[in-house]
Amino acid sequence: MWWIYALLSAFFAALTAVLAKIGIRGVDSNLATAVRTAVVLVLAWGVVYFRGGLAEVHTLTRTNLLFLGLSGLATGLSWMFYFRALQLGSVSQVAPVDKLSVALAIGLSVLFLGEKLTWQTGLGAGLIVAGTLVLILK
């Protein structure tokens, strides 16, 4: 079942790039990121509320809050740089570079989480890097 959610994530991420490219025309990229973030904030808390998740807020530990906060900081910085890149470049170049995050996440997961790097995972990460280079080097 996880792969259905992953495919939906990929679809909406792709849609995000196209919609964002249109939405940032003539607008400061940081302002555009703030608007996008506000929408995400309302959507996320709406889903938590309607699914009854607010009752679980008290279960969050300091560690949960610290690392979720750091993750949010990383997300915010990613979005700000992504929107600026979209303002300056084409979606067909920015999106592939942004997706290098997959290969980077694999490397970081091995380094910091102790996940095993199989030859299939290494090959896949290498192909992502190679594919990105093919798409951006013209």
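Among contacts in the protein chain between residues at least 6 apart in sequence, what percentage join residues at least 24 apart? The value is 71%, where contact means heavy atoms within 4.5 Å. The model is predicted: local features need pLDDT of at least 70, side-chain atom pairs count only at pLDDT 80 or more, and totals for chains, interfaces and linings use all residues. Residues are numbered from 1 along each chain as its sequence is written, and side-chain values use heavy atoms, with hydrogens and water left out.

**Whole chain.** Begin with the protein chain in cartoon view. It contains 6 helices and 0 strands, defined as DSSP runs (helices H or I, at least four residues; strands E, at least two) numbered from the N terminus. Its C-alpha atoms fill a box of roughly 50 × 45 × 25 Å along the principal axes. Of the 138 residues, 14% count as buried; buried means under 20% relative accessible area, exposed over 50%, and partly exposed in between (1.4 Å probe, protein chains only).

**Annotated spans.** Next, select residues 30-52, 64-82 and 117-137, which an unreviewed UniProt entry lists under "transmembrane region"; such annotations may be inferred rather than shown by experiment. Residues 30-52 are 91% helix and 0% strand, with end C-alpha atoms 33 Å apart. For residues 117-137 the figures are 86% helix and 0% strand, and the end C-alpha atoms lie 28 Å apart.

**Val-129.** Within helix H6 (residues 119-136), select Val-129. Its relative accessible area of 35% makes this residue partly exposed. Leaving aside neighbours within four places in sequence, Val-129 is in contact with Leu-100 and Ala-103. The C-alpha atom of Pro-96, 33 residues away along the chain, is separated from that of Val-129 by 9.1 Å.

**Aromatic pairs.** Now display the rings of Phe, Tyr and Trp (its six-membered ring), which pair if their centres lie within 6.5 Å; planes under 30 degrees apart count as stacked, over 60 as edge-to-face and the rest as tilted. This rule gives 3 aromatic pairs. Phe-11 and Phe-12 are edge-to-face because their ring centres are 5.1 Å apart and their planes stand at 75°. Phe-12 is partly exposed, at 47% relative accessibility. Tyr-49 and Phe-50 form another edge-to-face pair, 5.1 Å centre to centre with 80° between the planes. Tyr-49 is exposed at 54% relative accessibility, and Phe-50 is exposed at 71%.

**Arg-36 and Trp-79.** Finally, select Arg-36, which lies over the face of Trp-79 at 4.3 Å from the ring centre. The criterion requires NZ of Lys or CZ of Arg within 6 Å of the ring centre and within 35 degrees of the ring normal.
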